[in-house]
Amino acid sequence: FLAIFGYFFLKEKISRITLASIILAMAGVLLMVGNSLTPGELSGNLAAFSMPITFAVLIIIVRKFPTVDMVPAQFVAGICCCLIGYLLSSKIMISPNDIFLGFVAGFFQVGLGFIFITTGARTTPSAMVGIIMLSESVLGPIWAFLFVSERPSLFGLIGGAVILTAVLIQFYSLLNKRKKSISH
């Protein structure tokens, strides 16, 4: 979505290597989640599908207006999500341990991650940001395996390897471009 939106709204060109990386990464994502998509869970699938679109819109806005600090908007978005979650809950039962874990994940993983990606997206092409963000779908199952002994599926491992390959191809391409520009 980022590459497509960047192409149409920012007139950013997509190299053949980037396009190949995008297609490869999409294949990896489909391998990871393809067997878990069911028609009976349409609302969850739609929510999951809307997330990368809204993220792409955020990054396009950051790229279009690089002088505007979007970090406060991330804070407001987090507060809004808390309020929406509270209003949609029929009852709330949260242990102190869960509050602590939610704080740690919200502050470090989500909060700092979004601050870094929002800040870095000002100068990084949209397609590259999208490819880099796909590494999260690879690292998520790895962290779950390492810290809570959750076993990823075979398709998850293969899909993750495909995505990681796409990310590495993109980075290798970027390094080659930088080496060429430095030598000239």
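**Figure 1. Contacts across the chain in the predicted model.** In this predicted model, residues 24 or more positions apart account for 85% of the contacts in the protein chain with a separation of 6 or more. The chain contains 8 helices and 0 strands, and its pattern along the sequence reads α-α-α-α-α-α-α-α. Along the principal axes, the C-alpha atoms occupy a box of roughly 60 × 40 × 30 Å. Of the 184 residues, 22% count as buried.

Figure 2. Ala56 is located in helix H3. With a relative accessible area of 1%, Ala56 is buried, because a residue counts as buried under 20%. Apart from neighbours within four places in sequence, Ala56 is in contact with Phe1, Leu2 and Phe5. The C-alpha atom of Ala56 lies 9.3 Å from that of Ile4, a residue 52 positions away along the chain.

**Figure 3. Packing of helix H1 against helix H6.** The axes of H1 and H6 approach within 7 Å and cross at roughly 170°. H1 is therefore roughly antiparallel to H6, as the angle is over 145 degrees. From H1, the contact is made by Leu2, Ala3 and Gly6; H6 contributes Ser126, Ala127, Val129 and Gly130.

**Figure 4. Packing of helix H6 against helix H8.** H6 packs with helix H8 (residues 154-183) at an angle of about 140°, and the two axes are 9 Å apart. This angle makes H6 oblique to H8. The crossing of H6 and H8 is left-handed. On the H6 side, Met128, Ile131 and Ile132 make the contact, while H8 supplies Ala166, Val167, Gln170, Phe171 and Leu174. The contact of H6 with H8 comprises 7 nonpolar residues, 1 polar residue and no charged residues.

**Figure 5. Salt bridge between Glu12 and Arg63.** How many salt bridges does a search of the whole structure find? The search finds 2. In one of them, the side chains of Glu12 and Arg63 meet with an N to O distance of 2.4 Å. Glu12 belongs to the loop between helix H1 (2-9) and helix H2 (16-33), whereas Arg63 belongs to helix H3 (residues 42-64), so the pair ties together parts that are 51 residues apart in sequence. Glu12 and Arg63 are both buried. Side chains of opposite charge can pair when their charged atoms come close.

**Figure 6. Salt bridge between Asp69 and Arg122.** Asp69 and Arg122 form a salt bridge in which the closest N and O atoms are 3.5 Å apart. Asp69 is found in the loop between H3 and helix H4 (71-88), and Arg122 in the loop between helix H5 (96-120) and helix H6 (126-133), so this pair ties together parts that are 53 residues apart in sequence.

Technical notes
Residues numbered from 1 in each chain as written. Predicted model: local features only at pLDDT ≥ 70, side-chain atom pairs only at ≥ 80, totals over all residues. Heavy atoms only, no water. Salt bridge = Lys/Arg side-chain N within 4 Å of Asp/Glu carboxyl O. Helix = DSSP H or I, 4+ residues; strand = E, 2+ residues; numbered from the N terminus. Buried < 20%, exposed > 50% of the residue type's maximum accessible area, 1.4 Å probe, protein only. Axes fitted to C-alpha atoms, helices over the stretch in contact; angles between N-to-C directions. Parallel < 35°, antiparallel > 145°, perpendicular 65-115°, else oblique. Left-handed = near helix turned anticlockwise from the far one by under 90°. Contact = heavy atoms within 4.5 Å. Nonpolar A, V, L, I, M, F, W, Y, C, P; charged D, E, K, R; others polar.
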